[in-house]
Amino acid sequence: MVENDSAVALAPLITEAADALRKARHVCVLTGAGISAESGIPTFRDALTGLWAKFRPEDLATPEAFERDPKFVWDWYEYRRELVRRAEPNAGHRALAELAGRVPKLTLVTQNVDGLHQRAGSTGVLEYHGNILRDRCTAEQVVADRSEDSRHGLPRCAACGALLRPDVVWFGEPIPRGPMIAAAEAAGTCDVFLSIGTSSLVYPAAGLAEAALQRGATVIEVNPGRTELSDAASLVLAGPSGELLPRLLRALA
Ligand code: APR
């Protein structure tokens, strides 16, 4: 619990945010790696702890890197999959699942590939960057099962034998069509937009808050640090989402 001046300073902002949510007909939520940080999954850009502080994205999260050295990339994804399998949704994920039942309509868009929103009970989650626990066939470009002989080296498609890759969006690749269209629609029609645990640096996801601002929605940022969106946001709740989202839910009651 935030037991200092910021808790006091936050109280009127939490009330204001709850007022906006209480009046909302449609709430659009965008989450990033920060919402899973309290579940033990590292973010990407936090200075010391972030994945990109330790690894080079161009070596691991691009189609070229996979082409160059699929084993190296798979080893890294298996390491991250282990982190995800061991993680549990936190109070922030659970608060969002509950919030969906408290407002007329909520659209949840996540940049996270960890599936923790769904495990917390959220439904209809738009997986903007895919899901790390699924495999995709590199030949048929569909989610696929692993063939038996995947055990001896790189995973192979059970249907056609082609190499499998994680079903995530790498740098330079397009967003899956369904989530992209539905997310743009939600950002363009919502009256409250919650931006939670994202640095708002990576497009097109970062453009969703801008679209909401343009249509006059109330944009609320939840993040312990400043981001590219902070200056433009209607309200900034500065703190960890695992603490502030349950507080927001209580203020809504
Ligand atoms: N609660 C809320 N926010 C937090 C918390 C927390 N407990 N801890 C850290 N944050 C914030 C950080 O301050 C930072 O602004 O989460 C943000 C994480 O930012 P990034 O690491 O850049 O992650 P994200 O915005 O999700 O990255 C976008 O980039 O690398 C690609 O595909 C990857 O989906 C990812 C995309």
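Biologist: How do you know that strand E7 (residues 218-222) pairs with E8?

Modeller: Two strands pair if DSSP finds at least two bridges between them. Here 3 bridges join E7 to E8, which run parallel, so the two strands count as paired. Within E8, Leu237 is the bridge partner of Val222. This is a predicted model, in which local features need pLDDT of at least 70 and side-chain atom pairs count only at pLDDT 80 or more, while totals for chains, interfaces and linings use all residues. Residues are numbered from 1 along each chain as its sequence is written, and side-chain values use heavy atoms, leaving out hydrogens and water.

Biologist: What makes E3 and E8 edge strands?

Modeller: The open sheet has 6 strands in the order E3-E2-E1-E6-E7-E8, with parallel pairing. Strands (E, at least two residues) are DSSP runs, numbered from the N terminus. E3 (126-127) and E8 (235-237) each have a single partner strand, so one side of each lacks a neighbour in the sheet.

Biologist: Which residues touch the most other members of the largest nonpolar core?

Modeller: Val27, Leu99 and Leu237 do, in a core of 29 residues. Such a core is a set of buried Ala, Val, Leu, Ile, Met, Phe, Trp, Tyr and Cys residues joined through side-chain atoms within 4.5 Å; buried means under 20% relative accessible area (1.4 Å probe, protein chains only).

Biologist: What does Leu237 touch?

Modeller: Contact means heavy atoms within 4.5 Å. Not counting residues up to four places away in sequence, the contacts of Leu237 include Leu10, Ile220 and Leu248.

Methods: Helices (H or I, at least four residues) and strands (E, at least two) are DSSP runs, numbered from the N terminus. Buried means under 20% relative accessible area, exposed over 50%, partly exposed in between (1.4 Å probe, protein chains only).
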